[in-house]
Amino acid sequence: MRIGIVSDVHANFVALRTVLEQMGSIDALWCLGDLVGYGPQPNECVSTISRYPSLVIAGNHDWGMLGRLDESDFNRDARSVLDWTRETLTHQNMEYIKALPVSVRALESAFTVVHASPRDPMWEYLLDLFDAAECFPLFKSRYCLVGHTHVPLVFRDAGGVVKAAVPEPGESIRLNVSPYDNEDSGGSRMIINPGSVGQPRDGDPRASYMILEIPDGAATEAKGATLTYHRLEYPVEEAQVIMKSLDFPPRLISRIELGL
Ligand code: ZN
């Protein structure tokens with residue numbers, strides 16, 4: 001089984017399209033929230049994601065667009081695009097966003113999937129060891145997938161010692177997703193952030209995503225599962241041309257070129 005994992009697409013369809021082309025054949029697409037906001041093609045992104053067998057959760061921009069979060073919590077540029085998105089989304093795509101859950105368990109009990117953190121699924125920026133250490137006891141699964149910071153990062157909890165590492169493009173992380181395994185059998189628990197497809201913020205403008213591969217066969221063989229981290233160049237200028245034609249805020253247009 002091959003699963004594409006994307007987060008923070010932010011209506012950047014040029015980036016999403018490029019990532020999906022590169023992924024090729026996948027059995028499912030997992031999307032960790034913030035499908036909309038910041039970017040100029042929300043309908044294209046939502047329609048495309050909804051066509052996959054997918055696991056999709058809501059992020060703060062999705063909820064901000066729906067009016068479920070206080071608009072004053074967003075900066076002016078973000079607010080203006082949320083307002084534009086609300087007027088631009090088709091009824092069908094709006095209903096799709098409305099129905100997204102906030103937190104999901106996946107692959108038996110191997111994964112918890114939330115947008116920001118298990119403690120605060122909408123707003124917490126999980127970037128340091130102290131916050132990560134406080135979050136590990138707050139989810140029961142072995143692994144937790146998060147987005148929101150737009151920064152790829154892996155936190156490991158090995159027997160109470162929490163470490164963080166920035167993955168290298170092409171790096172594979174070995175996972176144990178066997179349903180016959182449990183939390184007491186040793187090995188690390190992890191909080192994993194695949195980075196952002198549509199608006200990376202680690203100084204690298206390339207789209208960021210991960211692929212989860214689980215060997216076919218008996219469930220016990222699922223111990224050979226791997227999660228591989230990827231960065232992919234996409235035609236940023238093509239997205240910028242669309243943003244300019246829609247009079248998007250200049251800062252949002254330039255930041256996708258800088259990866260900030
Ligand atoms: Zn986001």
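Is F111 buried or exposed? Select F111 first: its relative accessibility is 0%, so F111 counts as buried. Buried means under 20% relative accessible area, exposed over 50%, and partly exposed in between, with a 1.4 Å probe and protein chains only.

Before moving on, note that this is a predicted model, where local features need pLDDT of at least 70, side-chain atom pairs count only at pLDDT 80 or more, and totals for chains, interfaces and linings use all residues. Residues are numbered from 1 along each chain as its sequence is written, and side-chain values use heavy atoms, with hydrogens and water left out.

**Stop 1: the aromatic rings**

The structure holds 5 aromatic pairs. Rings of Phe, Tyr and Trp (its six-membered ring) pair if their centres lie within 6.5 Å; planes under 30 degrees apart count as stacked, over 60 as edge-to-face and the rest as tilted. Helices (H or I, at least four residues) and strands (E, at least two) are DSSP runs, numbered from the N terminus. W30 has 5% relative accessibility, so W30 counts as buried. Now show Y143. W30, F111 and Y143 form one aromatic cluster.

Next, select F136 and F139. Their pair is tilted, at 5.7 Å centre to centre and 40° between the planes. F136 is buried at 1% relative accessibility. F139 is buried too, with a relative accessible area of 5%.

**Stop 2: charges over rings**

The charged end of R189 sits over the ring of F139, 4.4 Å from its centre. A charge sits over a ring if NZ of Lys or CZ of Arg is within 6 Å of the ring centre and within 35 degrees of the ring normal. Then select R255 and Y38. Here the charged end of R255 sits over the Y38 ring, 5.5 Å from its centre.

**Stop 3: D34**

Go to the loop between β2 and α2 (42–51), where D34 is placed.

Show H115. Its side chain and that of D34 are joined by a polar contact of 3.2 Å. A polar contact is a pair of N or O atoms within 3.5 Å; within protein, one must be able to donate a hydrogen and the other to accept it, and residues adjacent in sequence count only if both atoms are side-chain atoms.

**Stop 4: helix α1**

Select residues 13–23. In helix α1, 8 of the 11 residues are buried, so the helix is largely enclosed by the rest of the structure. Among the buried residues are F13, L16, L20 and M23. The buried residues of α1 pack against β1 (2–6), β2, α2, β11 (207–213), β12 (225–232) and α7. After α1 comes G24, with a positive phi near 70°.

**Stop 5: I242**

Finish in helix α7 (residues 236–245), at I242. I242 is partly exposed, at 23% relative accessibility. Not counting residues up to four places away in sequence, I242 touches V14, P40 and Q41. Contact means heavy atoms within 4.5 Å.
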